[in-house]
Amino acid sequence: MLKGKAAVVTGATSGIGLGIARALAAEGANVMINGFGEAEAIEKERAGLESAFGIRALYSDADMTRPPEITAMVAEAEKAFGAVDILVNNAGIQFVSPVEDFPPEKWDAIVAINLSSAFHAVRAAVPGMKARKWGRIINTGSAHALVASPFKSAYVAAKHGIAGLTKTVALETAAHGITVNAICPGYVWTPLVEKQIPATMQARGLTREQVINDVMLAGQATKQFVTVDEIGALAVFLAGDMARSITGALITIDGGWTAA
Ligand code: NAD
């Protein structure tokens, strides 16, 4: 379905970004993955994408806090693949603290990685998309692009910012064959989440089931985690031609969290 297309996925060395990169590659897209991690593991993943799906996969170590590296990442992908047709702005971090204790450097890092990096990547990728009259920009938002939770001021502010960026760029590019949307997940089952369970069990004196149902899934009506495969499938749909009329949308995939 995406044969001949080229994608850049930020924050694709783990979790949701990796799931999206794999899903796009499975549909035939060449992909540039980006993110931090152990060099050997990243190379294994990159080579694995090529051998599993018969596509070209590249890796960029661009730091999403550094605008020149973001611009260079997009330029490198355009040079190598001939285009960036699909841009997935997914890299993100979290920090939890009451606002009066929130370290300013954590605020700056979250706004840089979770919000400003998307602006810089969009700015670099849109001219090529306009020239080719086709583009897909998919931002990883969050349920927190729509609703707040206490102690996550920077994260919620950045994700609400992603919602605004998504809608604005969608309006600016709609006449050029480009769509811009945000996937807004609830709690997603990632290795990162799984690793938190034992620590939370210990800290709160709860069973594994209590941590999952009463802490992690308290807001999710399905009482189930979203999976990275579900998010990958949504990204593939948004990248396809049948989604050409979907733009400026904040698409929740949150088990009913924000319906309440
Ligand atoms: P994760 O920690 O598994 O992955 C984050 C990725 O971002 C990694 O590849 C990491 O290397 C990369 N990254 C971090 N800082 C970076 C930087 N400075 N430059 C480049 N890459 C950097 O997390 P995840 O759960 O897969 O989250 C991915 C996105 O999904 C984030 O935007 C997050 O806010 C969003 N999200 C996650 C959930 C969830 O429950 N896991 C829910 C809603 C939204």
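Guide: In this predicted model, the crossing of α4 and α5 is right-handed. Helix α4 covers residues 104–132 and helix α5 covers residues 153–173, and their axes come within 8 Å of one another while crossing at roughly 15°. Because angles under 35 degrees count as roughly parallel, that crossing makes α4 roughly parallel to α5.

Turning to the side of α4 in this contact, the residues that meet α5 are W107, I110, V111, N114, L115, A118, F119, V122 and V126. Their partners in α5 are S153, A154, Y155, A157, A158, K159, G161, I162, L165, V169 and T173. Sorted by class, the contact of α4 with α5 comprises 15 nonpolar, 4 polar and 1 charged residues.

Two or more lining residues are given by each of the elements α1 (15–26) and α8 (228–239), and α1 supplies the largest share, with 5 residues. By class, the lining of this second largest pocket divides into 5 nonpolar, 6 polar and 2 charged residues.

Note on methods: Residues are numbered from 1 along each chain as its sequence is written. This is a predicted model: local features need pLDDT of at least 70, side-chain atom pairs count only at pLDDT 80 or more; totals for chains, interfaces and linings use all residues. Side-chain values use heavy atoms; hydrogens and water are left out. Helices (H or I, at least four residues) and strands (E, at least two) are DSSP runs, numbered from the N terminus. Ala, Val, Leu, Ile, Met, Phe, Trp, Tyr, Cys and Pro count as nonpolar, Asp, Glu, Lys and Arg as charged, and the others, Gly among them, as polar. Axes are lines fitted to C-alpha atoms, for helices over the stretch in contact, and angles run from 0 to 180 degrees between N-to-C directions. Angles under 35 degrees count as roughly parallel, over 145 as roughly antiparallel, 65 to 115 as roughly perpendicular and the rest as oblique. A crossing is left-handed if the near helix is turned anticlockwise from the far one by less than a right angle, and right-handed if clockwise. Contact means heavy atoms within 4.5 Å.
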